[in-house]
Amino acid sequence: MKYLKKLKQLWSESGDKVEMPLIELKGLTKFFGKLAAIEDVDLSVEKGEVLGIVGPNGSGKTTMINVISGYYRPSRGTILFNEEKISGLRPDQIATRGIVRTFQSNVLFEGATVLESMLIGSFRQYKTKDWQAFFETKAYKDDHERVVGRVIELLKTFDIFNDIFLPAAGLSHGYQRMLGITMALIANPTVLLLDEPTTGMNHEEAMFVVENIKKISEQGITVLVIEHNMKVLLNIATRVVVLNFGNKIADGKPEEVMNKQEVIEAYLGTETI
Amino acid sequence: MPPAEIWVDGLVQSCIYMTMAFGMVLVFSILGILNWTHGQFYMLGAFVVYYAITAAGIPFPISLLISGVVVGGLGALVEKFIIERLTAPGYGMLYVTAATLALIFFFEGAAGMVFGLQDKGLAMVLPGVLNLSSFSISYQKIAVVIFTLVIMIAMYIVLNFTKVGLAIRAAAQEPDAASLYGISVGRVSVIVMGIGCALAAMAGSIMAPVYIVNPFIGRIPMIFSLLAIIIGGLGSLTGAIVGGIILGLLNSVIAYYVSYLSEFVLFLLVIVILLVRPQGLFGASIK
Amino acid sequence: MIPYLDYKTLLPRTAAGFLAALLVIFPVFTTNVITLSIFISSGIWAIAVMGFTLVLRTGQFSLGQAAFMALGGYTSAILTANLGMPFWPSFLLAGIVSGIIALIIGLVVLRVGGIYFSIITLALCEMVRLLAQQMEGITHGVRGLIPPPPPPIVLGSFEINFSTSIVPYYYFMILLVAVTSLVFWQIGRSRLGGTFSSMAANQILAEHQGIHLMKYRVIAFTVAGVFTGFAGAYYAHFLSIITPLMLGLWESIQIMMMSIVGGISSIVGGALVGSLVLYTLGIYLSRLPIYNIQYLLFGAVVVIVLLFLPKGTGLIDLWGKFWRKVFREPDEYEIPEEVEAAVE
């Protein structure tokens, strides 16, 4: 694997650009008992893109994210990240490699304020080791100051700065989701997996989130967004993938995909009248 | 090959553990918690029977039922006023576990205060032995086995053929769906806790004449019924029965060969099971 | 406020210092053996409680802490009474052995969390007791071992003799508790403590933020094991006896109760308050002619604390509230300086 990487490096240094996809799913399958939640999914994610993942309920979208993030082990198939095989690693190992996800529900640290949530979630942001933290060495103190600064900066950027000393559980749904996204960001992701970030929100809140996703993408972070709402994706996605019953049925630009027959049927159940 | 008495003794133990385990699993399936106080209800049942017989002269079978009702009622109260509050959303497992553990001390203390610490012996209600060709069994022990059979059949009937049983099974499998059908999960929880504790109490009652009665007799049955559930699988009623049988027989047989090691071996077995196959024989595997 | 995050100081530092000073000169006021014994024992149990609370911080409920006391106690007793080793090295070894065993057990057992872990620790606790009972040759079974008191410490012309007075035991306990408290307090308020708390607050989220759950669970469990081992060793030498029945499952449950009553939100403060209150209560209640009232009350107090105090709080939090009311400190919340600075 490292040999391949070196090869690619030499190749690109020679002037020709060989863009290997950032993430590659090959034949990804996950069984629960006898039911395949996702089956034989092939997917490439390019660096810097905003990839939308859509599909009706039960199509396997969340399972896919759960497998990529390490929460489930795939039954079959592999996941490559920067040509390294990450399928089968623990969630913390995958997060350490730069793929961080948000959750649809279960977003919060129980009992924590907004600020505390960010601080205890910023594990990945620190450069100093635990023993340095324990003895409060100078290196740690500087690191800690930097992290706190970064936390505050992020909170300000995404506009959830107003009540950072209040319990996170008291925030409105929309802000809680944003907090979840901000927590994912403080973990220094190269790739951000967003699990239904706008579900349950009204139009305003959804647009608020969409704006922020745009900001995130502009910073160079690759984003995968699971969404129900095609309109949201039209706004931000460069590419959309459609799942149905665990299979990939479409892959392309949002406008193209939206108008494909199979996609419409998947959502509506039968041919449109 | 151990002599017949060992097997009989094992069977008797199996019956008790089975009954206790069954009650514990019922509670676990509906309430989602392990009731550490289960053994204390066994103890309280024994005391109720003791006093019913010695102080009030009530015949044994009726005393048995009384102890089931009284202690079952107590269990229901505990559910309603303590457990229910601590399993509300927002509370973790920690709270109920801590509370039920603390209640062990509470009940032992209360029993000690009210009944005194001395061992009390209950005269055999069914004195005498049945003499078979090579060995003899006391009638009391036979009664234990018969009692357990009756209870298990009764449970089977209740769970499968009554409305209450249906509600219980529904709530155990799909609490949300059940509540949509008008089944109050809170009510079912109270009933189930009552039944579970009643089972424990009756187990204690029927064993009261066999061993002694004091405030601490609940400890060992609790631990052993816990072991039985693990062997059989947390959350599985069949598992409770099978686990109880295996445990009782194993304990008796191992004790026959290496008396001092039997507990140790059983604990070790349980640890291995939890590490290797935590769902036991029949339990649902998690993830 | 997370009930697990220690960065709000519950006792102003001056008060803590004052109380600490008082505690240190306490024996000047009384050489009553009983009173001092109560403090010594409470201190020892407090250390075990701190271990329990630390492990609880990582989201694990250990019912086996008394086993580590037993392991530490027996190690030291065997080394001193059976093998004639001097006290100090054997005391040190007791903690180390206990820690190593905690490490090994933790690596195997912490993989499964939750209720399974609790049951396994329960089983281990009882197994330790059974082993101590059965290995008659080494442990003298139920009769137990009689560890000798620590040897006199000679400083110049001044001799501290453990055999003649209970006061040296008291000071050594203070030293032990102080060192343990310092370590646990620092863990609690450091980033390590925050990491632990995140695991307790939301395990799945913590893992996805990059926290290796197993590693931190094992760290907490091992640290708890080391200090609990020391506590057990000291306990054995203080009482001059250790038997298998002294430290079993029921003592583990008592440790848990001291933790809950004291307050799980504060590793050190909760442990100290909880153990002092329950232990003292226990001693005085056992004197009353009413049988077993202390057990009844312990159980009742724990259930009351769980039901009626806000989630995750205990006596130490009540004390904190009281203190703030008395001294009219408005801030529920102490904002650390680096946050203040960044917020500007």
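Predicted model: local features only at pLDDT ≥ 70, side-chain atom pairs only at ≥ 80, totals over all residues.
Two residues are taken to be in contact if their C-beta atoms, placed from the backbone, lie within 7 Å.

Of the 2 pairs of chains that touch, chains B and C have the most contacts between them. In contrast, chain A and chain B are joined by no contact, and their closest C-alpha atoms lie 8 Å apart. Between chains B and C, 32 residues of chain C are in contact with 36 residues of chain B. On the chain C side, the elements giving two or more residues are α5 (114-134), α11 (249-262) and α13 (293-308). Among these, α5(C) gives the most, with 11 residues. The side of chain C that touches chain B comprises 25 nonpolar, 5 polar and 2 charged residues.

Within chain B, helix α8 covers residues 185-207 and has 23 residues. From its first C-alpha to its last, α8(B) reaches 33 Å, close to the 33 Å expected at 1.5 Å a residue. Because 20 of its 23 residues are buried, α8(B) is largely enclosed by the rest of the structure.

Technical notes
Residues numbered from 1 in each chain as written. Chains lettered and ligands numbered in written order. Helix = DSSP H or I, 4+ residues; strand = E, 2+ residues; numbered from the N terminus. Expected span 1.5 Å × (residues − 1). Buried ≥ 20, exposed ≤ 12 C-beta atoms within 10 Å, placed from the backbone. Nonpolar A, V, L, I, M, F, W, Y, C, P; charged D, E, K, R; others polar.
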